[in-house]
Amino acid sequence: MLGDSLELAEVEGRIRAIQHRLNGLTIQRAVYLAATVAVLAATLVVAIALRGSAALFGVAFWTAVAAALAATAYAVLRIRSGWLTLQQAARFADRKAGLDDRLATLLSRSRIESPSCLQPFLLDEVRVAEPRWNADALSPRRVPRRVYALLAAVAMLVMLSFYARPPAPDPAQEHASTPQTEPAAEDVLFQSPTTFASAPQQSEGDGRAASPQDGDGATIAERSVDPAAGAAPGDATGRKGRHGAGNGALNEGSSGGNASTSGGEQLADDRPDMNERLQKAIQRALGGSEQPGTTSQLASPRSAGREHRDAPPSADRRRPDGSPDRPSESRQADHRDEARQRPDGDRVAPDNARAQSGASAASTDTGAEARSGLFRGHASARAGNNGEHALALKLGALQGAAPSQSEPQRGSPPVSGEARGIPAPPGGMMFAEQQVPDAPLHKAVVSPEHEVIVRRIFTRDE
Amino acid sequence: MTERTPPAVEADATATEQPPAPSPRSIGTRVAAPRAAEAQRLDADSARALVDDFHDTFARLRAELAKVIVGYGDVIEEILIALFSGGHVLIEGVPGTGKTLIVRTLGQALNLSFNRIQFTVDLMPADITGTRLLLEQDGHRELVFARGPIFAHVLLADEINRATPKTQSALLEAMAERQVTAAGTTYKLPPPFFVLATLNPIEMEGTYPLPEAQLDRFLFKVLLPYPSGGEMQRIIGSTTSAAVPQVSPLLPPRKAAARIEELKALVREVMVAPHLEEYASALVRATIPRNSKFAPRGPTLLPADVEINRYVSFGSSPRGGQALLLGAKVRALLARRVNVSYEDIDRVAVPALNHRLVLNFAARADDVDPRALIQRLLDAAKRLHR
């Protein structure tokens, strides 16, 4: 009897091993199924995020969440329903090995105190048939096939991230915009005397979108001559939000907010050509900065402030032809394009603004913050790059060599560019008869320690 | 009205007063001994020998009956299963199909006492059980109990539905209790006590259908159809020739009853797994209509069957479940197994349950066969096998 008990325990142990393997397989299948559904749902979400619309993305996201939850619930139910007890595992083994319920009977009889006298016979039959019902024969260790579905889903998700990305930007455009990064710093230095610095920008797009009505990007001259312009930064920032600041690259006073009248579409089409011309202008500035055409474009901040003062307020700015100004968004788009393309050097290149956007992104909400960042561009350019610093020194010398001869007197009528000796734009940009090219503001480089003095001077002038 | 075999009656009386003691050397004795001790002594080979002995005995008995009974192999097997299960069999068949021949041949092959009672309307209970007679012996009179024809190992109750219910109930007590009470004295019937009753489905006029309580006492109800063409030809040829086939007894006369009892005890040792007991229980419960006020409560493995609800007034009693398991055990031994399987239960479900379904008027109007209803249940229960 003792031997029988041991053998019965052995049989029970082997059936328990079968039970554990089958339950493990059930868990694996359920988990793989749930994971497959979850990955497929994630694939759907990613695909729609890459290619679909925002509304569709919301629907897809919640559908994916619901599918994942349903799959999880189904997996739990599946595990619960497929969980085998020891007796059920014995029945499974009986069925698979063709034992006609011998194992289940033996297992149940092992718990009875008075076993049948025929039990040894049954035990012997089970022992003889052991190769048919052991754990390795009935449930070999293997990974369920459902894992292939999971792997396929994961592969689909991975491949989706490679092939379903949105179309990459045009390499030519990429190439055209990339080299401007380096000259842009010089360009800032070349043109920054008119603006001193760009106001903080919140984002790359905002950096490119130079809104003329914001006013917070106005030059010191503007603020100095126009109290309204001085108050403008805070107002404009509060009004425009994220578009409020960061547009100091534009010369509000000289353009009068109407510099974007040539049409964004046309300018966009001419962009590569404009870039080339801009490159040439930068090269001229770097290599032959003593060219009269370049230096003559420099204008004093005083004239800029005057022009700005002559310009109508931002609320009722009108084009030179008298037509009302377009909405601010349209103007922003126009300036975004124009800021890249204007060859006359009055505009800061977008990459220039982009370069400055990171450092000054936080100071866009208030006018004071914008004002405190006025000299940041020049300072950072000087501190960040020795070459740029040298270039700044060179440009400072240029400013000294080309003094205020181009600076008109206060109250005098605006002088056309040709009348002032400013050559026609090299890119052949044509102006209307009433239009004059923006006179580049010529400003001296003010070191930070002298900033207070400059402010005091202009304030007194006011 | 009774047909007796005098030697059998004598042996019967002996068996009643002095039951034959089983031989300690026989294999079957080990089964009859206390089970706990025997279980320790039996090894696998001895247990296998017991199973083989049962299988051989059964096969020889069936072959011996086949010498006389042409065809009806399934009927003979079911009768033998009932015999070794310790139950009684109700055979329903038209006259002339060999019902009496089967029972008589079985008695001869087993070398057991055999009596036949032809039930008629005027048959009284005392005609079956026996009566007390006033005998004068040595100058003084005394009452002596004269045993009736029921005191036999194998009893054929022919056309049992022609007797009155009073007489039928006398047989009822004997079948259930395996004892007879006459004039306040109880007499044990000699084991094995095996009753085969026949029902004549025709000439129903003047008959008394068996009450459900009495039907429930029968382990199996076997249908004896007309023989097929080939069987009919062989029956005609063999029974009309000069050489009448003879049955040779398989067991010695004094040990036959004990041998049968040993084999019956072996059947009880066959093991049944709990889920198979549950399966048999579910089958029995499925025969009970849900709209019955006696319907069982609680969940069942098998859903309610529409046909059962429509045509059945009362389903099977727990005796049906007992019949299922006992018959399944015999079938397991016939398959040289010591455990019951689903197939064993299914094979005996129809003969074990068909007479326990009480059909309603709608079923009789639609000529519904209770066997078909049970077969529906078995088909529905196939899913439980997995």
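What percentage of the residues of chain A count as buried? Of its 462 residues, 49% do. Keep in mind throughout that this is a predicted model.

**Stop 1: chain A as a whole**

Select chain A and colour by secondary structure. You will find 24 helices and zero strands. Now switch to a contact view. Take the contacts in chain A with a separation of 6 or more: 83% of them join residues 24 or more positions apart. Chain A exposes about 21,900 Å², and 59% of that comes from carbon and sulfur atoms.

**Stop 2: aromatic rings in chain A**

Next, show the aromatic side chains. Over all chains, the structure holds nine aromatic pairs. Pick A:Phe61 and A:Trp62. Their ring centres are 5.1 Å apart and their planes stand at 75°; planes over 60 degrees apart count as edge-to-face, so this pair is edge-to-face. A:Phe61 is partly exposed, at 35% relative accessibility. A:Trp62 is exposed, because its relative accessible area of 59% is over the 50% cut-off. A:Phe57, A:Phe61 and A:Trp62 together make one aromatic cluster.

**Stop 3: aromatic rings in chain B**

Move to chain B and select B:Phe54 with B:Phe84. Here the ring centres lie 5.2 Å apart with the planes at 65°, so this pair too is edge-to-face. B:Phe54 lies in helix H4 (residues 44-68) of chain B, and B:Phe84 in helix H5 (residues 73-85) of chain B. The pair therefore ties together parts that are 30 residues apart in sequence.

Now select B:Arg147 and B:Phe151. The charged end of B:Arg147 sits over the ring of B:Phe151, 4.9 Å from the ring centre.

**Stop 4: where chain B meets chain A**

Show both chains and select the residues in contact between them. How many are there on each side? Chain B contributes 28 residues and chain A contributes 21. The size of an interface is often given as the accessible area lost when the parts come together. Between chain B and chain A, the buried area is about 2,200 Å², with carbon and sulfur atoms giving 64% of it.

Last, look for charges across the interface of chain B and chain A. Two salt bridges are found there. Zoom in on B:Arg48 and A:Asp124, which form a salt bridge with the closest N and O atoms 2.8 Å apart.

Note on methods: Residues are numbered from 1 along each chain as its sequence is written. Chains are lettered from A and ligands numbered from 1 in the order in which they are written. This is a predicted model: local features need pLDDT of at least 70, side-chain atom pairs count only at pLDDT 80 or more; totals for chains, interfaces and linings use all residues. Side-chain values use heavy atoms; hydrogens and water are left out. Rings of Phe, Tyr and Trp (its six-membered ring) pair if their centres lie within 6.5 Å; planes under 30 degrees apart count as stacked, over 60 as edge-to-face and the rest as tilted. Buried means under 20% relative accessible area, exposed over 50%, partly exposed in between (1.4 Å probe, protein chains only). Helices (H or I, at least four residues) and strands (E, at least two) are DSSP runs, numbered from the N terminus. A charge sits over a ring if NZ of Lys or CZ of Arg is within 6 Å of the ring centre and within 35 degrees of the ring normal. Contact means heavy atoms within 4.5 Å. Accessible areas come from the Shrake-Rupley method with a 1.4 Å probe; for residues, only the protein chains shown count as cover. Buried area is the accessible area (1.4 Å probe) that two parts lose on being put together, summed over both. A salt bridge is a side-chain nitrogen of Lys or Arg within 4 Å of a carboxyl oxygen of Asp or Glu.
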